[in-house]
Amino acid sequence: MYAAGKTLDLRLHTSDNVSLGAWFILADPYYQSLRTSSPQSLSQPSIATIEDAIQSRPTILYFHGSAGSRATTWRVQQYIAWTARLGANVFAVDYRGFGNSEGSPFEEGLGIDAYAAWSWLGERGAKPEDVLILGHSLGTGVSGKLASRLAREGVKPRGVALLAPFSSMATLLDTYDLWGIPVLQPLQSSAIGRSESVHSAIEGFHL
């Protein structure tokens with residue numbers, strides 16, 4: 001699926017003791033420099049390598065939609081494109097009840113999962129301003145909940161990009177709900193919710 005040594009398959013543990021499956025995929029420029037400097041064949045990157053990549057390149061924290069898992073083929077193609085064209089790491093997480101993650105999904109639980117993913121990056125040296133939160137479909141609600149929590153904590157990520165079939169961002173913020181909860185409404189007055197493409201949101205990373 002990926003070039004050898006580019007992806008780490010790992011487990012996250014949430015504050016309510018749920019184990020989640022996740023992938024960390026190295027930014028292609030970082031991966032290519034690693035290949036050049038290593039005389040031996042690469043296997044899965046080590047945590048030390050991941051930490052260095054996190055501190056060397058921007059990272060996209062990706063929350064997928066309700067169908068499939070992080071391993072869905074078209075999502076894999078997106079990871080490949082983002083790591084190559086945008087030069088960013090990608091951290092893709094399966095919510096509880098999805099993929100090989102434990103548990104069953106519910107609205108509060110998905111918010112806990114998102115915060116666990118954010119915290120995992122921070123614990124490994126990621127600066128908030130170097131992390132772009134990206135959500136698609138169901139993941140837009142998850143991303144909105146995470147962004148709202150971070151805003152309450154005074155934490156500002158690089159941005160939030162929301163990918164969903166809505167006619168406008170204003171309509172999305174006004175009408176999107178997750179199990180009947182309007183999770184994006186707190187973002188209506190915040191610039192953080194107005195990134196309309198991955199390219200424009202990630203533009204300006206300078207490390």
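Contact means heavy atoms within 4.5 Å. The structure is a predicted model, in which local features need pLDDT of at least 70 and side-chain atom pairs count only at pLDDT 80 or more, while totals for chains, interfaces and linings use all residues. Residues are numbered from 1 along each chain as its sequence is written, and side-chain values use heavy atoms, with hydrogens and water left out.

**View 1. Overall arrangement of the chain.** Among contacts between residues at least 6 apart in sequence, 72% join residues at least 24 apart. The chain has 7 helices and 6 strands; helices (H or I, at least four residues) and strands (E, at least two) are DSSP runs, numbered from the N terminus. Along the sequence these elements follow the pattern β-β-α-α-β-α-β-α-β-α-β-α-α. Of the 207 residues, 51% count as buried, where buried means under 20% relative accessible area, computed with a 1.4 Å probe on protein chains only.

View 2. The 6 strands form an open sheet of mixed pairing, in the order 1-2-4-3-5-6; two strands pair if DSSP finds at least two bridges between them. Strand 1 (7-13) and strand 6 (159-163) are the edge strands, each pairing on one side only. From one strand to the next, the twist averages 20 degrees. Helix 2 (residues 47-56) packs on the sheet and touches strand 1, strand 2, strand 3 (59-63) and strand 4, its direction making about 65 degrees with that of strand 2. Axes are lines fitted to C-alpha atoms, for helices over the stretch in contact, and angles run from 0 to 180 degrees between N-to-C directions.

**View 3. Pairing of strands 2 and 4.** Strand 2 (residues 19-25) and strand 4 (residues 89-93) run antiparallel and are joined by 4 bridges. Phe24 has Phe91 in strand 4 as its bridge partner. Helix 3 (residues 73-85) lies across strand 2, strand 3, strand 4 and strand 5, running at about 165 degrees to strand 3.

**View 4. Surroundings of Leu134.** Leu134 belongs to strand 5 (residues 131-136) and is buried, with a relative accessible area of 0%. Leu134 and Val160 are 26 residues apart in sequence, yet 5.8 Å apart in space, C-alpha to C-alpha.

**View 5. Packing of helix 4 and helix 5.** Helix 4 (residues 107-123) and helix 5 (residues 138-152) pack at an angle of about 65 degrees, with their axes 9 Å apart. Residues of helix 4 in this contact include Leu110, Ala114 and Trp118, and those of helix 5 include Val142, Leu146 and Leu150.

Note on methods. Buried < 20%, exposed > 50% of the residue type's maximum accessible area, 1.4 Å probe, protein only.
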